[in-house]
Amino acid sequence: MVTNMRTTTLRGGVEMPLIGFGTFQIWQQEAAREAVSQALDAGYRLIDTAAGYFNEEGVGRAIRQSSVPREQIVLTSKLWPTDASYAGAKVAVQRSLNHLGVDYIDVYLLHQALGDYYGAWRALTEMQQAGYIRSIGVSNFNAGRLYDLAQFSGVVPAVNQIELNPWRQQRATRKTAAKLGTVIEAWSPFAQGRDGIFSNSVITTIAARHHVTTAQVILRWATQQGIIVIPKSVHRQRMDANLAATDFDLTEAEIAEIARLDRYPDDPGAVNSPQLIERLLAIDPAGKHE
Ligand SMILES: NC(=O)c1ccc[n+]([C@@H]2O[C@H](COP(=O)([O-])OP(=O)(O)OC[C@H]3O[C@@H](n4cnc5c(N)ncnc54)[C@H](OP(=O)(O)O)[C@@H]3O)[C@@H](O)[C@H]2O)c1
């Protein structure tokens, strides 16, 4: 188990481990319970789920059954856009609490900048004040949406969870987040293994130099820049190795080399395409459960 856990503190005071555990695409409740149990045993203390992953029951069961005290675990869930309204968000947070079987959720995020997310944001601020949520943030907000919400709601999101990996480095959103004091959290830090990320010669060369794996270089590249990562794996050896990506530092030159791998340096993010929105809105977490 890793003991030298590095953390970053969110506005409002929640301390977030820089390496957490992702649970997307672990669809079955029992598989989610098993994966999260293993992750907690390995030493992960940040667990990421969402209403839209349909696995909150399994994730919650693992947390309740664990010998790790609840207050040592930072549990994140997210509001699906079909619930993005003031009234919808109040119901959805309650639904997440019920599915997870917990009294409070540490970090609750608007999953997408879709629907009446202003109304939903207002509901989340109230749920936070009422003690159901410790910290509130957003996900998949590009620089413009993030700035807009922070300015006009008057409540700056504590976190923005976005796709971030060597292929997609999200400079514009990171810059705006830094200005606002919003911590960036990287989803798909390995780009789900796409496009040969684990065999890229720039990254493998750096890995060999530090006697670590390519996966560890990718994670350290992000955390060294203050970015939280939430890699997902259902394999214990990979869980252990990913969490251990803390004991070395990349040089400035190595960070710059990886910066040059960005395939979308000017892209505000692909998450708001009309085709994707259509697909996302066809999913309804309120209507399907085991
Ligand atoms: N907010 C959002 O919209 C959003 C979207 C996507 C994801 N997320 C969150 O971010 C988390 C991580 O993203 P992700 O699951 O999409 O992808 P990811 O973490 O980039 O990649 C996961 C893939 O990499 C493999 N893997 C893990 N560790 C490895 C290692 N050390 N060496 C080689 N392969 C390894 C996993 O396989 P095995 O499991 O077989 O080991 C899995 O196929 C999600 O689980 C979810 O919590 C959020």
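This is a predicted model: local features need pLDDT of at least 70, side-chain atom pairs count only at pLDDT 80 or more; totals for chains, interfaces and linings use all residues.
Modeller: Residues are numbered from 1 along each chain as its sequence is written, and side-chain values use heavy atoms, with hydrogens and water left out.

Biologist: How far does a polar side-chain atom of Asn 140 lie from an oxygen atom of the ligand?

Modeller: A polar contact is a pair of N or O atoms within 3.5 Å; within protein, one must be able to donate a hydrogen and the other to accept it, and residues adjacent in sequence count only if both atoms are side-chain atoms. Tyr 53 places a polar side-chain atom 3.2 Å from a ligand nitrogen atom. For Asn 140 and the ligand oxygen atom, the distance is 2.9 Å.

Biologist: Which parts does the aromatic pair of Tyr 117 and Phe 141 tie together?

Modeller: Rings of Phe, Tyr and Trp (its six-membered ring) pair if their centres lie within 6.5 Å, with planes under 30 degrees apart counted as stacked, over 60 as edge-to-face and the rest as tilted. Tyr 117 and Phe 141 are edge-to-face, 5.3 Å centre to centre with 75° between the planes. Helices (H or I, at least four residues) and strands (E, at least two) are DSSP runs, numbered from the N terminus. Because Tyr 117 lies in helix H4 (residues 117–129), the pair ties this helix to the loop between strand S7 (133–139) and helix H5 (143–153).
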